[in-house]
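This report goes through one protein chain, part by part. Please keep the sequence and the structure in view while reading.

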Amino acid sequence: MTLSFKTLAGTALAASLMMASPLIANAQEFTLKVQSSDAAGVPNFVLEQEWAERVGKMSGGRISVEMLPVNSVVEHAETQDAIAAGIIDGHITDTSYFTGKDPAFGLIANPVGAWSAPSEMLRFVEYGGGKELMNELLQPYGLHFIGAVTPGLEAFVSSKPLDGVADLKGLKMRAPEGMVQEVFAAAGASPVNIPQSEVFTSLDKKVIDAADATVFSTNQAMGLHDVAKHPVYPGFHSMPMLEVSVNKAKWDSMPEDLQTILEVSVRDLARDMDAQLAMKDMEAVAKARAEGGVTIHNWSAEERNKFRKIATSQWEKVAARSENAQKVYDTLVKYLTEQGMI
């Protein structure tokens, strides 16, 4: 029996489709180039790399995430524009870097004094209106907000004993510009903007007395407690929100199951970051206490509430600077009030 070319071609095509169907089902459909605000090798970035690997496994290879350390493609404060332009596909970064575009970004990213634990902030994002707010803020810039993570409540580094708000008066301290500086200035401190890389030298040379740096274990690893032996832990002031966002057009082109995988995976990353960095902090605190030479100060609930009241007054000032900032303020205060936190 002789088959025509058309029949042979049809048979061959059908056979090839049957053989290829498992490959098509598992084919990589989306590649996401994601830039972090963390440097390669630091605990945060290692966890983000592990997240990228999990997304690949959870999606059966349909999503491939390439994690890039800070400044790999663009400067850390340029990632939002780079995502909109399609230069990169997403970022894991501190939302407050974009405060210059809208003060609302700074207020939602780090309402200084609002949170005492990562779970409080993450609940606000997932269930208290934070996620909807973030997408409303990001949509005009061509981004979609998947979810939030955080390294946790930052400790405070000081060469002078600090047991409450009164001890902040006249304190020469490093604080990043924006919300953090404004709150500490209102509390009576004298904040200056010094890069993270210069904190150790500035403390050692007594240019500053204290610093808003990062979490206890990282401060310890950087040697800050060698020159500032009165850390405050747990911290009382700052807990940055790191947003996980992607290009909105790319997000909209994804099927619902892949969108869900990304959302669930970011929640898992938030849990990982919270738990693992908290463990590192506890180990570092135990080591510091065992070795001596460092006096750890833990503020009372009364002093923490005093600081929060000062911070809240600054939130109001930020809220007046844009319509979006007012929306963030109203949603945040409503949530904190309903939760009995203010």
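## A tryptophan and its core

Leaving out residues up to four places away in sequence, Trp315 touches Leu107, Pro111, Val112, Gly113, Ala114, Met179, Tyr329, Leu332, Val333 and Leu336. Trp315 is also one of the residues with the most contacts inside the largest nonpolar core, together with Trp51, Trp115 and Phe307. That core has 84 residues. Its largest share, eight residues, comes from helix 12 (residues 256–291).

Another core lies apart from it and has ten residues, including Ile208, Ala211, Ala213 and Leu224. In soluble globular proteins, nonpolar side chains tend to be buried together.

## Confidence

The model is predicted. Over the chain, pLDDT averages 90, and 92% of the residues score at least 70. Residues 1–26 stay under 50, and for this stretch the model has four contacts beyond four places in sequence.

## Two packed helices

Two packed helices are described by the angle between their axes and the distance between the axes. For helix 5 (residues 118–127) and helix 14 (residues 323–338), the angle is about 120° and the axes are 11 Å apart. Helix 5 is therefore oblique to helix 14. Their crossing is right-handed.

Helix 5 contributes Glu120, Arg123 and Phe124 to the contact, and helix 14 contributes Thr331, Leu332 and Tyr335.

Beyond its neighbours within four places in sequence, Val55 is in contact with Ile63, Val65, Leu262 and Ser265.

Val55 and Ile261 are 206 residues apart along the chain, yet their C-alpha atoms are separated by 7.3 Å.

## Backbone exceptions

Most residues other than glycine have a negative phi, and most peptide bonds are trans. Asn71 is not a glycine, but has a positive phi of about 65°. Asn71 sits in the loop between strand 2 (63–68) and helix 3 (79–84). With a relative accessible area of 37%, Asn71 is partly exposed.

Lys206 is not a glycine either, and has a positive phi of about 60°. The loop between helix 8 (199–204) and strand 8 (210–211) holds Lys206. Lys206 counts as exposed, because its relative accessibility is 61%.

The peptide bond that joins Tyr233 and Pro234 is cis, with omega of about -10°. Pro234 is in the loop between helix 10 (224–227) and strand 9 (242–247).

Terms used. Residues are numbered from 1 along each chain as its sequence is written. This is a predicted model: local features need pLDDT of at least 70, side-chain atom pairs count only at pLDDT 80 or more; totals for chains, interfaces and linings use all residues. Side-chain values use heavy atoms; hydrogens and water are left out. pLDDT is the predictor's confidence in each residue, from 0 to 100. Contact means heavy atoms within 4.5 Å. A nonpolar core is a set of buried Ala, Val, Leu, Ile, Met, Phe, Trp, Tyr and Cys residues joined through side-chain atoms within 4.5 Å. Buried means under 20% relative accessible area, exposed over 50%, partly exposed in between (1.4 Å probe, protein chains only). Helices (H or I, at least four residues) and strands (E, at least two) are DSSP runs, numbered from the N terminus. Axes are lines fitted to C-alpha atoms, for helices over the stretch in contact, and angles run from 0 to 180 degrees between N-to-C directions. Angles under 35 degrees count as roughly parallel, over 145 as roughly antiparallel, 65 to 115 as roughly perpendicular and the rest as oblique. A crossing is left-handed if the near helix is turned anticlockwise from the far one by less than a right angle, and right-handed if clockwise.
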